[in-house]
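Have the viewer open as you read.

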Amino acid sequence: MREFSEDYLSRTREGMWADSRDALEPLGLDSRERILDVGCGTGELSRVLAAESPGEVIGCDADPDLLAAAAEYVPAVAGDAYQLPFPDETFDLVVCQALLINLPEPAAALAEFARVSRDLVAAVEPDNAAVEIDSSVDAEGPLERRARRAYLDGVSTDVALGADASEAFEDAGLEVLATRRYDHVRTVEPPYSDAALRAARRKATGDGLADDRETMLSGALTEREYDDLRGSWREMGRDVIEQMQAREYRREEIVPFHVTVGRTPES
């Protein structure tokens with residue numbers, strides 16, 4: 001499973017559910033007594049669940065540093081998604097967000113979620129193959145698509161799982177009740193946040209692509225193609241910074257998430 005820093009999770013999930021929580025309606029949060037958020041990270045989804053439900057929300061993650069951040073908002077417990085530290089039927093809802101896409105056996109994790117749930121299991125997972133970018137820097141969208149294709153080709157898990165998560169639910173023996181799409185829109189415009197400025201600097205240095213170099217080279221991308229892509233990426237990053245200095249840079253990224261809800265066989 002991939003590991004994520006607190007800064008990465010905060011950056012990628014910032015503003016999630018700020019505009020609408022309609023896609024969470026099938027979870028029946030207003031009637032839940034006990035909810036488990038698996039792979040809770042720094043607790044972004046946990047906070048939403050706690051705000052929408054009168055019941056108790058517990059976060060669970062394998063990373064102690066992330067758990068410490070989540071524990072500021074909800075009770076947090078260390079645990080592995082494949083072997084949760086809870087008895088059978090402890091919760092009436094077990095949910096995860098952007099977790100299954102990082103697991104080599106998502107159906108096995110869902111089966112474990114079903115073990116500790118007496119009613120519903122839900123997953124909020126992105127389709128990273130369908131991300132859309134609209135940028136004032138003309139080269140940014142095409143370069144991001146090139147980089148994403150190379151990454152998807154090299155990554156060992158299904159990071160585009162979102163739209164097809166129902167198949168993993170069925171493999172885990174869950175009855176799929178509902179699937180809803182939710183578009184997480186991330187916008188960068190003046191005045192620029194510190195996170196946006198850091199992201200621009202990482203583009204200009206190529207550090208962002210360097211982090212994924214090994215994965216990208218695990219697919220069909222050659223080292224020469226990677227070097228060419230990184231060179232173009234750095235040039236694009238310099239254009240981003242130049243537009244930021246003129247307060248002209250704007251970017252909109254749409255990440256489609258799919259909320260899949262299933263019922264345990266015993267409920």
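## Salt bridges across the chain

R180 has a relative accessible area of 34%, so it counts as partly exposed. Keep in mind that this is a predicted model. R180 pairs up with E25 in a salt bridge, with 3.1 Å between the closest N and O atoms. That links distant parts of the chain: E25 sits in the loop between α1 and β1, R180 in strand β7 (residues 175-188), and they are 155 residues apart.

R21 and E52 form another salt bridge, the closest N and O atoms being 2.7 Å apart. R21 is in the loop between α1 (6-13) and β1 (34-38) while E52 belongs to helix α2 (residues 44-52), so this pair ties together parts 31 residues apart in sequence. R21 is partly exposed at 32% relative accessibility, and E52 is partly exposed at 36%.

## Strand to strand, and a network

E56 meets R34 in a salt bridge at 2.9 Å between the closest N and O atoms. Since E56 lies in strand β2 (residues 56-61) and R34 in strand β1, the pair ties together parts 22 residues apart in sequence. E56 is partly exposed at 35%, and so is R34 at 26%.

Shared partners also join E140, E144, R148, R186, K203, R251 and E253 into one network of salt bridges. The count of salt bridges comes to 19.

## Helices α7 and α10

Helix α7 (residues 194-205) packs against helix α10 (residues 223-245) at about 140 degrees, with the axes 6 Å apart. Their crossing is left-handed. On the α7 side, the contact residues include L197 and K203; on the α10 side, they include W233 and I241. The contact residues split into 9 nonpolar, 2 polar and 5 charged.

Notes: Residues numbered from 1 in each chain as written. Predicted model: local features only at pLDDT ≥ 70, side-chain atom pairs only at ≥ 80, totals over all residues. Heavy atoms only, no water. Axes fitted to C-alpha atoms, helices over the stretch in contact; angles between N-to-C directions. Helix = DSSP H or I, 4+ residues; strand = E, 2+ residues; numbered from the N terminus. Left-handed = near helix turned anticlockwise from the far one by under 90°. Contact = heavy atoms within 4.5 Å. Nonpolar A, V, L, I, M, F, W, Y, C, P; charged D, E, K, R; others polar. Salt bridge = Lys/Arg side-chain N within 4 Å of Asp/Glu carboxyl O. Buried < 20%, exposed > 50% of the residue type's maximum accessible area, 1.4 Å probe, protein only.
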